[in-house]
Amino acid sequence: MALDESFSGREYPADRIYEVGREKIREFAEAIGDLRPEYLDQEAARALGYRDVIAPPTFTMIVNLDAINKIVNDPDLGLDYSRMVHGDQGFTYYHPVVAGDRLSVHTVVDNIMSRAGNDFISFRAEITTVEGERRITTRAQLVVRDADEGAA
Amino acid sequence: MSGIQVGDVLPPLQVRISRAALVRYAGAAMDFNPIHWNEGFARGVGLPDVIAHGMLTMALAGRVVTDWGMGALVDYSARFTRPVVVPNDDQGALVELSGKVGAINDDGTVRVNLDARFDGRSVLGKAIAIVRP
């Protein structure tokens, strides 16, 4: 076990607010080739009852990953970033993220474990607006591959 | 129930992921892990070549559900089981995305089982979207 297990259960309240921009949503939607009108066109989004354009389902990885990276880059955790890969990811949706939302991310280290030489660290994050409206709960597991596996 | 039945096949999607697409996704998602754009770094940590962001593959698989347009997404999860290796050429990596209705739950939501295949093999495991019609 290379990771410091005492990180399990630690909570990281939001240290900044992320304001969702219309053009950032467009940039993200184009990068995944998802050009639904409600992501790009205010009128189309309003016709569906939203205040402004909404974001594609995986858009909040921007804030989710930023929060996780701050934790995994803590030298006390002992995580070798160069051997880290994404193991799994999940999202529970309460309401689409809307342009203009000011998002706050509260991240929790759910679990740390070691199996067959690989280390696993899982996170849960609550993404809400600063007004307290729930948007998305995310779940993520990172895998730190065994440093010796390349020897075979 | 909008006529959705277990076994319904969603319209599939084929996407070629190029190195340029990875750079573009890295910037858009602000995910700058060098295994997704730096060949020397990727090989140095034991990978065959640059690999695609798992989240890019997951976003592409999600398009199968959102393009289907049969309801609101309430949950979406996947495991990243194999890498999508992206060569430095004009072809990129061909990824095939598909989905099938796996269950209609007691609460009226619909479970869609998704798959993403590269090089003849699935690269996502337990990729499941829950939709509320």
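Which element gives the most to the lining of the largest cavity? I started my notes on this predicted model there.

**Cavity**

The largest cavity holds about 50 Å³ of space. Helix 3 of chain B gives the most to its lining, with 5 residues. Two elements give two or more residues each to this lining: helix 3 (54-68) and strand 2 (72-80), both of chain B.

I then listed the lining by chain. From chain A I have Ile32(A), Asp34(A), Pro57(A) and Thr58(A). From chain B come Met58(B), Ala59(B), Gly62(B), Arg63(B), Thr66(B), Leu73(B) and Tyr76(B). Sorted by class, the lining has 6 nonpolar, 3 polar and 2 charged residues.

**Helix 4 of chain A**

Next I checked the length of helix 4 of chain A, residues 61-72. Its 12 residues should span 16 Å at 1.5 Å a residue, and I get 15 Å between the end C-alpha atoms, which agrees.

Is this helix enclosed or open? I count 10 of its 12 residues as buried, so helix 4 of chain A is largely enclosed by the rest of the structure. The buried ones are Met61(A), Ile62(A), Val63(A), Asn64(A), Leu65(A), Ala67(A), Ile68(A), Asn69(A), Ile71(A) and Val72(A).

**Leu48(A)**

Last, I looked up Leu48(A), in the loop between helix 3 (42-47) and helix 4 of chain A. Leu48(A) counts as exposed because its relative accessibility is 52%, and the cut-off is over 50%. I also noted that 45 Å separates the C-alpha atoms of Leu48(A) and Asp80(A), which are 32 residues apart along the chain.

Note on methods
Residues are numbered from 1 along each chain as its sequence is written. Chains are lettered from A and ligands numbered from 1 in the order in which they are written. This is a predicted model: local features need pLDDT of at least 70, side-chain atom pairs count only at pLDDT 80 or more; totals for chains, interfaces and linings use all residues. Side-chain values use heavy atoms; hydrogens and water are left out. On a 1 Å grid over the protein atoms alone, a cavity is a set of points where a 1.4 Å probe fits but cannot get out, and a pocket is an open set with protein on both sides within 12 Å along at least five of seven lines; lining residues have an atom within 4 Å of a point. Grid points are joined across faces, edges and corners, and a volume is the space filled by probe spheres set on the points. Helices (H or I, at least four residues) and strands (E, at least two) are DSSP runs, numbered from the N terminus. Ala, Val, Leu, Ile, Met, Phe, Trp, Tyr, Cys and Pro count as nonpolar, Asp, Glu, Lys and Arg as charged, and the others, Gly among them, as polar. The expected span of a helix is 1.5 Å times one less than its number of residues. Buried means under 20% relative accessible area, exposed over 50%, partly exposed in between (1.4 Å probe, protein chains only).
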